Amino acid sequence: MSEQINYEELLPRQPSEGALDWCIKTKFQHEYAIYRDTYYRDPLTGMRKNAVSVTCTGCGGSWIAGKARGADCGRGWAPFGFVDGAVNIGPGDAFPCPLCGGQLKAVHIGQISKLGIDDNVYFCEPWQLGEKFVLLGWRAERNTGKNAQKVYRMWPYEAYVFEQKKTVRLTGYQKCLSAMHYFDRWQQVKRCDDRWGKTEPGDWFRKPKDLSGTTIENSALPQYLKAAGDDAWPVAYLRLWQKHRNIENLIVQGCGEMVAKAIVRDTQSYYGGGHSAKLEWVDWKQKRPARMLGLDRQEFAFCVREQWTQDDLAKYKMVRAWEPVKLPEDWELLKKTRSYDLNKLCNEKALLPDTTGGKSMQLLRGRLTVMRCLRYLDRQKRETITLLDYWNMARRAGLNLRDEHVQLPKSLKREHDRLVEAERIARNEEEKRKKQAEIDKRRPAFEKTVAPLEAWAWEDGGIRIRPVHTEEELIDEGSALCHCVGTYGETVARGDSCIFFIRRADAPDKPWYTLQVELKTLKELQNHGMRNCPPTKDVQAFVARWLEHVRQLKSAGKKQKKEAAA
């Protein structure tokens, strides 16, 4: 086993010449306008006036501006702002410098700490240590002081040394909980994972071009970076290449974009990345690009011409596993079908009648080909899920799904909606049957509660009251007055309370108010009319008189029982 080389002293601690000037021109795009309170003497009147002094950190020039309240700048918390032409500028506002034309961000001097403003940017460059290819990542820091002076520093950030079969990672920082501590040297890390991550074209100070003689000369890294564009993960790609050298065949044969997007998917599948891509859907035992993707030569040529993605390839192979697919005729339909829907269409199964008279697990689509179903859906202008829903409802309805006229109706929408309505009606009927069964089960207890209360029926002042007779009456009462008394059947059957109907004497069958009374204490629990409206004064007074009447009835009944017992 070869000994691990210590690269900490072998790598440069500063980037190549010209990197700082490149960062200043390309990476540090914005400058600051540092403003403070000041006084100046008016040349016309000679009077000393209050104003704002503004300094541009880009050109170093200063000018005097009028003062504006923080509230006028839309920053009520700010001490003050300044006037730029006809616009009030506050902290954080962007505007062009009137002296150099550069884009500035306004900062009040009180917002700047004694350490100044730190701006950090990151970039990388290729480097070579002997035959070993090295990817150096740097952190450029710009510190802007209160006096608008700028100081630039360059720090080591991430470095990856690519040996023949493995990668060594070095860092220029150390994490301590949520804090980051930077130092001006490299520190080798035992475990190598991809912490550099995504690298856009603008992050390269120098792009790798001539890799001949290096450990990655056959990796096709420049071609990968070109195909990946803004989504390049160079470390993840090179680590994958170290495990599977034949990935270079895919890149040079035109599948660079597919590989790049697949690497992005793999590296972003875990929180924060931190690992190399695997691309497990590629057959790494093969060397030819077509066989690596599970295609023949004609299919691979079409794949490259159409710039297939990983999902496109998976959809094509999914359908091809069931039936031949014609390219390019069938591709447009496959391309616009979602992978999830296509998988359901290909593999959805159910218990269906078979030729032996029993039932077995069979494909819902039966002998229909996948492409025929997709062409049918395209003519019907419907989604795959609609057809699958229709098949499942047809199966539950007992329709013959081996009849093509049933499988592919003339109007899918009409037949789908018809079955939906039929199932809705069937569900409602089933719910009614269950509810009626519960009512019938409670009926003896319900009648036992309400039968003795018939003596409490009473009429006074044009208003009458009576107890409920059946649970069906409760349901009708709740429907007529739009409240929930229809659900009180179980409450009445328990005997804790009872429901009474309050009616006008001249309309005894028309619902008006519904009263709930606790039987043991004769306490009024609820009294509601249409949509739970409260009772009128007349009705409330009637209820009070009726309750007194019932109490007298109960007292008289108890007296008679005592006399009979004596």
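This report walks through a few residues that stand out in a predicted model.

## About the model

The structure is predicted, so local features need pLDDT of at least 70 and side-chain atom pairs count only at pLDDT 80 or more, while totals for chains, interfaces and linings use all residues. Residues are numbered from 1 along each chain as its sequence is written, and side-chain values use heavy atoms, leaving out hydrogens and water.

Let's start in helix H4, residues 247–267, where Ala260 lies (helices are DSSP runs of H or I with at least four residues, strands are runs of E with at least two, and both are numbered from the N terminus). Ala260 is buried, at 3% relative accessible area (buried means under 20%, exposed over 50%, partly exposed in between, with a 1.4 Å probe and protein chains only).

Setting aside neighbours within four places in sequence, Ala260 is in contact with Tyr224 and Ala228 (contact means heavy atoms within 4.5 Å). Ala228 is 32 residues away from Ala260 in sequence, yet their C-alpha atoms are 5.2 Å apart.

## Two positive phi values

Ala220 is not a glycine, but its phi is positive, at about 60 degrees. You will find Ala220 in the loop between strand E13 (179–189) and helix H2 (221–228), and it is buried, with 6% relative accessibility.

Lys381 also has a positive phi, near 60 degrees, and is a residue other than glycine. Its loop runs between helix H10 (370–380) and helix H11 (384–396). Lys381 is exposed, with a relative accessible area of 67%.

## A cis peptide bond

Leu327 and Pro328 are joined by a cis peptide bond, with omega about 5 degrees. Pro328 sits in the loop between helix H7 (310–320) and helix H8 (331–335).
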